[in-house]
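Welcome! Keep the sequence and the 3D view at hand as you go.

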Amino acid sequence: MKTSLRTTVLGALVTALALLGAAPAARGAEPIHIALSAPLTGNFAEYGQNFQKAIDLAVEWINAAGGVKGRPLVIVVGDSKADPKDAAALAQKFTSDSRIVAEIGDFSSTACLAAQPIYDRAGMVQLSPTASHPNFAPGSVWSFGIVGTQAGEGPFMARYAVQKLGKKRIAVLHINNDWGIVSKDLFVKAAKEMGAEVIAVEAYFETDKDFTGVLTKLRGAKPDLLYIPSFYNEAALMLKQRDKLGWTDVAVMAPGSLYSPKLLELGGASVNGLYTSSAFFPKDPRPEVQKFVKGFEAKYKSAPNLFAAVAYDSLNLLAEVIGRVGTDRKAIRDELAKVRDYPGVTGKITFTERRDVLKDYRHLVVRNVEFVLFDQ
């Protein structure tokens with residue numbers, strides 16, 4: 001009941017703000033409704049809140065310019081908490097609402113995969129900004145992902161570790177969910193093929209808070225790099241506890257899931273030296289990137305991260321497609337599948353036959369509690 005009420009209130013508020021911000025030509029026209037399923041509360045709230053902020057900014061700009069073919073965009077928001085059950089319940093709600101033409105979300109691959117059969121049966125686009133499990137987009141002709149997959153990022157991170165940093169003895173500590181397992185598998189496979197020895201692999205659950213025991217065990221294997229497919233909250237805890245153990249002679253690396261200001265806020269100096277990656281960097285000089293960064297900073301008084309950027313690209317991409325073919329759900333799906341070289345703030349977007357994308361990643365490292373390009 002509380003989740004349903006929160007969803008309704010948020011949706012009504014976003015609708016009102018979108019219509020108030022629309023240009024006169026768009027304000028009097030019938031709105032185009034797009035759904036957003038994201039974790040606005042819970043362990044992954046920072047990710048979902050960045051989704052919503054970036055999408056609200058994009059909608060504000062689109063509506064101020066006259067909307068899509070003269071019609072204002074309205075976002076219907078649902079709080080999934082990145083929980084598979086809640087994501088599936090939202091999918092049922094969204095697909096049964098005839099006003100909604102497509103959905104953006106969810107955050108985690110696990111939540112996306114749980115909701116996927118519902119969008120598939122109903123015939124509604126499910127466009128995830130961040131699902132990177134290689135099986136997500138191919139799982140339904142209605143599913144699309146724009147962040148890239150671990151099939152691309154895993155080998156990229158392995159090259160970073162083995163070829164760029166010269167690490168040969170690697171331990172892995174990964175979250176025990178769909179995304180964490182496949183992230184571990186693809187990184188490990190690539191690292192071994194490049195000549196590294198993966199000497200220890202351990203898993204943890206989302207609810208775990210004390211990593212002292214497993215870190216002590218991994219330390220005993222004497223790796224020169226620890227790879228941690230995880231999210232900012234547990235990674236910050238891990239790195240603080242690693243410092244307390246005095247285990248400072250090991251390099252730490254993680255996928256782009258850790259590219260978040262929240263990691264810096266929670267982890268402080270303990271996250272210095274962390275190696276990661278991103279398809280988005282706020283100092284990219286391209287005009288579309290700087291427009292987004294400056295607009296986001298002006299509206300929210302903070303810099304956008306990767307998760308805001310992929311959500312912004314998702315909304316703008318859908319608006320572009322709807323502008324071409326209208327609001328028929330199948331027409332949107334068919335046109336989305338044809339997208340080639342769309343100039344997103346996270347790079348050019350071209351959907352493969354699997355309806356995912358190939359991304360160019362940047363090498364990042366944390367120095368002085370700040371993400372910087374590794375090569376600088």
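**Exercise 1.** Why does K81 count as partly exposed?

*Solution.* Before starting, note that this is a predicted model. First, find K81 in the loop between strand 2 (73-79) and helix 4 (84-95). Next, take the cut-offs: buried means under 20% relative accessible area, and exposed means over 50%. K81 has 28% relative accessibility, so it counts as partly exposed. While you are there, look at the backbone: phi of K81 is near 55°, a positive value in a residue other than glycine.

**Exercise 2.** Is K222 buried or exposed?

*Solution.* Start by locating K222 in the loop between helix 8 (212-220) and strand 8 (225-227). Its relative accessibility is 66%, so K222 counts as exposed. The phi of K222 is positive, about 60°, although this residue is not a glycine.

**Exercise 3.** Find the peptide bond from G105 to D106 and say whether it is cis or trans.

*Solution.* Begin with the place: D106 sits in the loop between strand 3 (100-105) and helix 5 (109-122). Then read omega for the bond from G105 to D106, which is near -5°; this bond is cis.

**Exercise 4.** Which residues have the most contacts inside the largest nonpolar core?

*Solution.* The largest nonpolar core has 89 residues, and F292, L315 and F351 are those with the most contacts inside it. Now ask which element gives this core its largest share: helix 12 (residues 306-325) does, with 13 residues. A second, separate core has 25 residues, including A161, F187, Y361 and F374. To finish, zoom in on F351: leaving aside residues up to four places away in sequence, its contacts include L127, F144, I146, L317 and V357.

Definitions and conventions:
Residues numbered from 1 in each chain as written. Predicted model: local features only at pLDDT ≥ 70, side-chain atom pairs only at ≥ 80, totals over all residues. Heavy atoms only, no water. Helix = DSSP H or I, 4+ residues; strand = E, 2+ residues; numbered from the N terminus. Buried < 20%, exposed > 50% of the residue type's maximum accessible area, 1.4 Å probe, protein only. Core = buried A, V, L, I, M, F, W, Y, C linked by side-chain atoms within 4.5 Å. Contact = heavy atoms within 4.5 Å.
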